[in-house]
Amino acid sequence: MNNIEDMLNKDLENLREDLIGELGAINQYQKHIDETDNERIKKVLGHIRDDEKEHFAELTKLIRDLDQTQEEKFQKEEL
Ligand SMILES: [Fe+2]
């Protein structure tokens, strides 16, 4: 494996870890929304949760662009 391939694989590995982080953040914000009765907190956390969903989409786009096999799998599922 050459150096460029190594770098690409490391980038993809890191992006997948970042994707995991975004999913964990979405779940944590949702849990904290569900656990509070404070409407102000619910509103702010709901906004932040939705920002994390955007981050998830942005990272997914990067991965799709960099990983040809992953892109083919998305297309196969009509995504
Ligand atoms: Fe995020």
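User: What follows α3, and what is its phi like?
Analyst: α3 is followed by E78, which has a positive phi near 60°. Before we go on, this is a predicted model, where local features need pLDDT of at least 70, side-chain atom pairs count only at pLDDT 80 or more, and totals for chains, interfaces and linings use all residues. Residues are numbered from 1 along each chain as its sequence is written.

User: Why point out that phi?
Analyst: Most residues other than glycine have a negative phi. E78 is not a glycine, yet its phi is positive, about 60°.

User: Is E78 buried or exposed?
Analyst: E78 counts as exposed because it has 5 C-beta neighbours inside 10 Å. The cut-offs: a residue is buried if 20 or more other C-beta atoms lie within 10 Å of its own, exposed if 12 or fewer, and partly exposed in between, with C-beta atoms placed from the backbone.

User: How do α1 and α2 cross?
Analyst: The axes of α1 and helix α2 (residues 39-66) come within 9 Å and cross at roughly 160°. That makes α1 roughly antiparallel to α2. Angles under 35 degrees count as roughly parallel, over 145 as roughly antiparallel, 65 to 115 as roughly perpendicular and the rest as oblique. The axes are lines fitted to C-alpha atoms, for helices over the stretch in contact, and angles run from 0 to 180 degrees between N-to-C directions.

User: Where is E17 in all this?
Analyst: E17 sits in helix α1 (residues 3-35). E17 counts as exposed, because it has 10 C-beta neighbours inside 10 Å.

User: How far is E17 from E72?
Analyst: C-alpha to C-alpha, E17 and E72 are 21 Å apart in space, and they are 55 residues apart in sequence.

User: Last one: what size of box do the C-alpha atoms fill?
Analyst: Along the principal axes, the box is roughly 55 × 30 × 15 Å.

Terms used: Helix = DSSP H or I, 4+ residues; strand = E, 2+ residues; numbered from the N terminus.
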